[in-house]
Amino acid sequence: MLIPILLLIVGFVLLIKGGDWFVDGATGIARRFHLPEILIGATVVSIGTTLPEVMVSAGAALQGSGSIAYGNAIGSIICNTSLIAALTIAIKPGPASRKSMKLPVIFFFFATAVYLFSAYIIGEFSLTIGIVLLCTFAVYMVLTVFSMKKGTGIKEQGENDLEVESEDSEKKSSLLKDIIMLVSGAAIIAVGADLLVDNAIIIAEKFGVSEKVIGLTIVAVGTSLPEFVTAVTSLIKGHGSLSLGNIIGANLFNLVLVSGIAVTLNPFALPESGTIAGINSSLVIDLPIMLGAMLILTVPTLIKEKLSRWQGILLLGIYVSFLAFSFLI
């Protein structure tokens, strides 16, 4: 038991250092191209922090463990929203751009509709659903890149000539440094999260915890640690918008990219580890909480263009209740 504990500590240290580099690189790129931090958070940063979920779910799917792939995606969204976002909002609520939030929020709820249709109507996640989710990811990225280009106010070649000539080697060097920090930070975060998750599962299995519960809680929390580290680091460095964008983007990618890859590689039926009044507990607890948490996070924020402390406190209460139900059922 000593070795898993030591590896957990090493993973935690790597996450902290990787998160520091990752946020510095992302915000540096955002400033350089005059892009909104929330938009960078919902794309570049979200892809980086979702890498652990992609690797864990793809591996689980290939091994035939659909329950872990499913629980990891849903559990990560619940954890991202009602624990990580909730903590940052409760500590330091702030403004949020409706314009920058609209696209990832719309795509998230579209992907959620596809997910709910699969769970409640079909009762399985088929190859077709996996392809639809991956296509949704592709369309979102294309539209986001187009939005970024439009937002930067890219000029015609003739207008840019003077600016291009005026760029010095120092600026180019700084951009390269930001990119290296971003990529290195993502890699370190992935390694750290992998160490944490693998050893947490080893410990949990010794206590006889079910596969779905491991996916919904331990694996979900473990693979969400990059989002947590990014959120905390962003908050400390005064980049709250980056943190919010990262959470929303990561939640979207958990559905369209993480689940999309897992389902496409190996379609599976809706997992069941318990029932409530004869109904699969996922249909009664997991999916409604996932949807409800995102509604609480996004709808009031879109209306008022700011985050409120009550949202964070309410979401934290939901997460505590969710954990209690997951282990009791």
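Helix α3, spanning residues 66-91, has 26 residues and extends 36 Å from its first C-alpha to its last, close to the 38 Å expected at 1.5 Å a residue. Of its 26 residues, 22 are buried, so α3 is largely enclosed by the rest of the structure.

The model is predicted, and its protein chain contains 12 helices and four strands. Buried residues make up 51% of the 329 residues in the chain. Among contacts in the chain with a separation of 6 or more, 84% join residues 24 or more positions apart. The accessible surface of the chain amounts to about 14,600 Å², and carbon and sulfur atoms account for 69% of that area.

How far can each part be trusted? The average pLDDT of the chain is 78, and 73% of the residues score at least 70. Among the elements, helix α11 (residues 281-304) has the highest mean pLDDT, 92, while helix α6 (residues 157-166) has the lowest, 40. The pLDDT stays below 50 over residues 152-169, a stretch with six contacts in the model beyond near neighbours in sequence. Where pLDDT is low, the predicted coordinates should not be read in detail.

One last residue deserves a look. E305 sits in the loop between α11 and α12 (309-328). Most residues other than glycine have a negative phi. E305 is not a glycine, yet its phi is positive, at about 55 degrees. This residue, E305, is partly exposed, with a relative accessible area of 33%.

Notes: Residues numbered from 1 in each chain as written. Predicted model: local features only at pLDDT ≥ 70, side-chain atom pairs only at ≥ 80, totals over all residues. Heavy atoms only, no water. pLDDT = per-residue confidence, 0-100. Helix = DSSP H or I, 4+ residues; strand = E, 2+ residues; numbered from the N terminus. Contact = heavy atoms within 4.5 Å. Buried < 20%, exposed > 50% of the residue type's maximum accessible area, 1.4 Å probe, protein only. Expected span 1.5 Å × (residues − 1). Areas by Shrake-Rupley, 256 points an atom, 1.4 Å probe, with all protein chains shown as cover.
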